[in-house]
Amino acid sequence: RFRLHYAPQTFPSVDPAAPALLAQRGLDNLESIYPARLAGDFDIYVAGRLFAAPDQALRGRSFSDWRQNFILHDGTGNYADQQYIFGHEITHLFMWNVYGPPGNALVSEGAAVDAGMRLAEPLGHLALEPFCAAHLQAGALPPLSGMRFEGHIYDLPNYYAAGCFVRYLNQTYGAAAFGSNYSSLDYPAAYGG
């Protein structure tokens with residue numbers, strides 16, 4: 001369902017089955033969350049070293065309309081970190097090609113964080129809910145409007161707050177309703193009210 005690309009003499013070339021498995025688990029996870037299947041195929045380019053400027057702080061990029069993911073897989077981070085980023089980036093591509101372009105960055109990043117964390121939490125990552133609850137209790141939970149998303153390194157609380165928002169919508173109203181609202185942002189139509 002996808003083609004994995006990597007350069008020779010890089011970390012991904014040592015065991016290309018490892019990033020392929022991370023990608024497949026990311027795709028399987030999405031198709032277990034959302035009542036849809038991604039039609040067609042796509043490409044994943046696995047980088048063995050940091051991206052060039054200005055993207056050196058990113059671990060992945062999705063060019064969803066071109067059906068391409070670029071993911072850093074250089075041996076850093078633990079298995080949960082690696083599974084998270086594969087799940088996160090594949091979510092962008094999946095949602096765009098199943099439900100259409102996102103209505104805004106909040107739903108795009110929120111869906112990607114929620115799906116990626118569903119893979120990483122069982123592997124030992126702190127769950128979204130306690131992270132957001134602690135930030136809320138400390139008065140540091142970012143407001144959902146006007147957020148910037150320039151990479152997890154810079155804006156982690158924003159990503160996690162968006163993930164908590166999408167997780168709440170999916171758990172409360174169902175993933176089908178969220179999918180129907182992904183492009184339109186017509187909350188009353190999707191959730192009633």
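## Aromatic pairs

The structure holds 14 aromatic pairs, where rings of Phe, Tyr and Trp (its six-membered ring) pair if their centres lie within 6.5 Å; planes under 30 degrees apart count as stacked, over 60 as edge-to-face and the rest as tilted. One of them joins Tyr-168 and Tyr-173 edge-to-face, at 6.5 Å centre to centre with 85° between the planes. Tyr-168 is partly exposed at 47% relative accessibility, and Tyr-173 is partly exposed at 41% (buried means under 20% relative accessible area, exposed over 50%, partly exposed in between; 1.4 Å probe, protein chains only).

Ring pairs also link Tyr-34, Phe-94, Tyr-99, Phe-178 and Tyr-182 into a cluster.

## Model and conventions

This is a predicted model, in which local features need pLDDT of at least 70 and side-chain atom pairs count only at pLDDT 80 or more, while totals for chains, interfaces and linings use all residues. Residues are numbered from 1 along each chain as its sequence is written, and side-chain values use heavy atoms, with hydrogens and water left out.

## Sheet

An open sheet of mixed pairing is formed by four strands in the order 1-2-4-3. Strands (E, at least two residues) and helices (H or I, at least four) are DSSP runs numbered from the N terminus; two strands pair if DSSP finds at least two bridges between them. Strand 1 (2-5) and strand 3 (60-63) are at the edges with a single partner strand each, so one side of each has no neighbour in the sheet.

Strand 1 pairs with strand 2 (residues 42-47) in the parallel sense over four bridges. The bridge partner of His-5 in strand 2 is Tyr-45.

## Helices on the sheet

Helix 2 (residues 17-33) lies across strand 1 and strand 2, at about 145° to strand 1. Axes are lines fitted to C-alpha atoms, for helices over the stretch in contact, and angles run from 0 to 180 degrees between N-to-C directions; contact means heavy atoms within 4.5 Å.
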